Amino acid sequence: MARILAIDDEPDLLETERRILSRVGHEVVVAGGGAEGIAAIKAGRFDLVLTDLMMPRVDGLAVLEAAREFDP
């Protein structure tokens, strides 16, 4: 199955995403915000990045831009 990075600043939603995706067999890494998500992208490879767009400080678009720069 896929290795997925889920990024969200809402802990309850992030846990729900992790639980649902894990239940169907995916490996899920979670990050509680944009900066943490970017660090995870730089530390490992993912098949899919699932991110909230509206987060404080580092938003989802910045995360996706960093992901494209790091591994187009």
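Predicted model: local features only at pLDDT ≥ 70, side-chain atom pairs only at ≥ 80, totals over all residues.
1. Let's start with the length of helix H1, residues 11-23.

2. Which residues of H1 are buried? They are Leu 14, Glu 17 and Leu 21. Looking down the axis of H1, the buried residues fall within an arc of 60°, and therefore they line one face of the helix.

3. What do those buried residues pack against? Their partners are three strands: S1 (3-7), S2 (27-31) and S3 (48-51). The face of H1 turned away from the buried side carries Pro 11, Asp 12 and Arg 23, which are exposed.

4. Now to helix H2, which covers residues 34-43. Here the buried residues are Gly 34, Gly 37, Ile 38, Ala 40 and Ile 41. Seen down the axis of H2, they fall within an arc of 160°, so these residues too line one face of their helix.

5. Which residues of H2 are exposed on the other side? Ala 35, Lys 42 and Ala 43 are exposed there.

6. Finally, the packing of H2. Its buried residues pack against the strands S1, S2 and S3, and also against helix H3 (60-70). Strands S1, S2 and S3 are likewise packing partners for the buried residues of H1.

Key:
Residues numbered from 1 in each chain as written. Heavy atoms only, no water. Buried < 20%, exposed > 50% of the residue type's maximum accessible area, 1.4 Å probe, protein only. Helix = DSSP H or I, 4+ residues; strand = E, 2+ residues; numbered from the N terminus. Arc of directions from axis to C-beta. Contact = heavy atoms within 4.5 Å.
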